[in-house]
Amino acid sequence: MLPCRLLQELPCRFAKSAFVSNDYFALEEVTLQDAMTIPDNDRLKLYFVLEGQVIVESDHVPVELRMGDSFVIPGSLNRYTLRNTSVSPAKVLQMYVPKG
């Protein structure tokens with residue numbers, strides 16, 4: 001698991017574990033203590049909520065999701081936040097094609 005300071009995210013409120021990471025595909029488990037903001041999204045990302053509940057926040061209407069839900073973040077959504085609303089840490093799978 002990579003501490004968030006290595007991922008250039010402050011404050012440290014989440015951690016990532018890479019299951020697959022190559023030139024064509026990345027699959028990561030993200031554990032959210034509080035929130036994770038993606039300030040410069042430029043690609044399609046797929047998420048699946050493994051544990052807990054999260055809210056996806058952007059300039060649009062916030063969306064509440066819980067264990068078993070999946071969602072897509074389009075590359076045109078430049079900035080968004082995943083916020084844990086559970087008492088314990090929430091876990092999501094994050095899938096995307098890395099920059100090449």
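Student: Why is arginine 83 called partly exposed?

Tutor: Arginine 83 has a relative accessible area of 29%. Buried means under 20% relative accessible area and exposed means over 50%, with partly exposed in between (1.4 Å probe, protein chains only). Arginine 83, at 29%, is therefore partly exposed. Glutamate 57 is partly exposed because its relative accessible area is 26%. Please note that this is a predicted model, in which local features need pLDDT of at least 70 and side-chain atom pairs count only at pLDDT 80 or more, whereas totals for chains, interfaces and linings use all residues. Residues are numbered from 1 along each chain as its sequence is written, and side-chain values use heavy atoms, with hydrogens and water left out.

Student: What makes the pairing of arginine 83 and glutamate 57 a salt bridge?

Tutor: A salt bridge requires a side-chain nitrogen of Lys or Arg within 4 Å of a carboxyl oxygen of Asp or Glu. The side chains of arginine 83 and glutamate 57 meet at 3.1 Å, N to O, and the pair qualifies. It joins distant parts of the chain, with arginine 83 in strand 9 and glutamate 57 in strand 6, 26 residues apart. Strands here are DSSP runs (E, at least two residues), numbered from the N terminus. Asp34, Glu57 and Arg83 are linked in a network of salt bridges.

Student: How many salt bridges are there by this rule?

Tutor: The count comes to five. Among them, lysine 16 pairs with glutamate 28, where the closest N and O atoms are 3.9 Å apart. Lysine 16 lies in strand 2 and glutamate 28 in strand 3, twelve residues apart; both residues are buried. Another joins the side chains of aspartate 42 and arginine 43 at 3.0 Å, N to O.

Student: Are aspartate 42 and arginine 43 buried or partly exposed?

Tutor: Aspartate 42 counts as partly exposed because its relative accessibility is 45%. Arginine 43, at 16%, therefore counts as buried.

Student: Why is threonine 81 called buried?

Tutor: The relative accessibility of threonine 81 is 9%, so this residue counts as buried. Threonine 81 lies in strand 9.

Student: What makes a polar contact with the side chain of threonine 81?

Tutor: The side chain of threonine 37 does, at 2.9 Å. A polar contact is a pair of N or O atoms within 3.5 Å; within protein, one must be able to donate a hydrogen and the other to accept it, and residues adjacent in sequence count only if both atoms are side-chain atoms.

Student: Why does asparagine 41 count as buried?

Tutor: Asparagine 41 has 4% relative accessibility and therefore counts as buried. Asparagine 41 is found in the loop between strand 4 and strand 5, and its side chain reaches the backbone oxygen of leucine 77 at 3.0 Å.

Student: Which residues in the largest nonpolar core touch the most other members?

Tutor: Of its 17 residues, Met36, Tyr47, Phe71 and Leu82 do. Such a core is a set of buried Ala, Val, Leu, Ile, Met, Phe, Trp, Tyr and Cys residues joined through side-chain atoms within 4.5 Å. In soluble globular proteins, nonpolar side chains tend to be buried together.

Student: How many helices and strands does the protein chain have?

Tutor: The protein chain has zero helices and ten strands, a helix being a DSSP run of H or I with at least four residues. Buried residues make up 38% of its 100 residues.
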